[in-house]
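Hi there,

Here is the structure I promised to pass on to you. Have a look at it first, and then read on for some notes on its salt bridges.

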Amino acid sequence: MFGIYLHIPFCRRRCKYCDFITYAGKDELMPGYYAALISELRHQANTLQDLPSQVDTVFFGGGTPSLFKAEWIKDLIDNIHKEYGLAKDVEISLEANPGTLAPGFSASLLKAGVNRLSIGVQSFIDRDLALLGRIHSPSQAVDAIHSARRAGFSNISLDLMFGIPGQSLADWQTNLRQAVALQPDHLSLYSLILEPGTQLFDDVERGTIQPVSEDLSADMYEMALDSLVEEGFSQYEISNWSRGEAFEARHNKIYWKNQPYLGLGAGAHSSINGLRVANTTSIEEYIRRVDDLQSSPKDAFPAAEETLRLDPYTMQQETMMLGMRLTREGVSKLEFRNRFGKAIEDVFSRELERIIARKLVEWRTFPDGPHLVLTRGGILLGNQVFQEFV
Ligand code: SF4
């Protein structure tokens, strides 16, 4: 599997908890940024060696990709098709903020080639949205989901957040119920993280806002684990549920399976041919570096800020750390051996001994042989498993 990620680092306003690479008030840079994305993708297609023969997934993430014009999205997809080739069953996802999905826009996105929408709902409660600094109301989120369905989207994911200051277990239950009632195909549930440098972090530091306790946050997560199964969703990753395997997020699974991907745009990351590349986070610098391609025509990553060549052991560690997040399939013993020429138990014998003894992971049988998978206890204490492979 091979994926392309395009980062669209523009937002109407910065949410109070957000530390992503995104900027508000820079919309005038959008046309130049869009042109730079096209140049970067064409340039990489012509300079990178040993690329997979086709692209299986494309992901427009942000920021707020739904601020981009549908014709730009179409042009980017067409260029990826022309330069790299798209798989017949390609998954093309776009993250959308409910405050930017005007009626008709979903239909234009579908026409442009997008076939999966990931809608950032976060909460159906006004107070939560105000506290988070979101630009939309609960009813706008509901309208956005309905209009996406009406437009013809058959693969819709919703993002919800738990552990929001002031949120009770009953509030969270309301959010889960409302989300399920809207019949999405996929759900991503994230615990609010207070990141230094954000307004919410400062408010909590000053004592003007009380954070949710770790216990309550854990109860919310367990509530999701129990109730979503009853509603017909299956969990396949620590924070992700779907209505069966067909709706699992294939692009994100490329990351969790440590497979190759290219990241285009400011702040985007790539992982290809044993290289890890992080682009500059500045939009202006990104445009300038891509515009200046003539000065280094052979450099496949003209906007790179950091480049790292990974040794085989680091790749093996990453494969375990990321793969163990996949709660349904975990890490396949056969795939690991085929990829690295070694058995998981030989590379990580002591680590496995510890986490198997603590009943955090277990071997389960799959058609291709044993897979190492988190137990229910391991799902609840996932970080203790992932840390073993750092
Ligand atoms: S919409 Fe998303 S990327 Fe933009 S500021 Fe809010 S959380 Fe950050």
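A salt bridge here is a side-chain nitrogen of Lys or Arg within 4 Å of a carboxyl oxygen of Asp or Glu. Please keep in mind that this is a predicted model. Counted by that rule, there are 23 salt bridges.

Let me start with Lys257 and Glu335, whose side chains form a salt bridge at 3.7 Å, N to O. Lys257 sits in the loop between α9 and β11 (261–264), while Glu335 belongs to helix α12 (residues 333–340), so this pair ties together parts 78 residues apart in sequence. Glu335 is partly exposed, at 42% relative accessibility.

Next comes Arg328, which pairs with Glu245; their closest N and O atoms are 3.6 Å apart. This pair also links distant parts of the chain, 83 residues apart: Arg328 is in the loop between α11 (312–323) and β15 (331–332), and Glu245 in the loop between β10 (240–242) and α9 (250–256). Arg328 is partly exposed at 25% relative accessible area, whereas Glu245 is exposed at 55%.

Finally, take a look at Arg149 and Asp185, a salt bridge with 3.0 Å between the closest N and O atoms. Arg149 is in helix α5 (residues 138–151) and Asp185 in the loop between α6 (169–181) and β8 (186–191), 36 residues apart. Asp185 is buried, at 7% relative accessible area, but Arg149 is partly exposed at 29%.

Best wishes

Notes. Residues numbered from 1 in each chain as written. Predicted model: local features only at pLDDT ≥ 70, side-chain atom pairs only at ≥ 80, totals over all residues. Heavy atoms only, no water. Helix = DSSP H or I, 4+ residues; strand = E, 2+ residues; numbered from the N terminus. Buried < 20%, exposed > 50% of the residue type's maximum accessible area, 1.4 Å probe, protein only.
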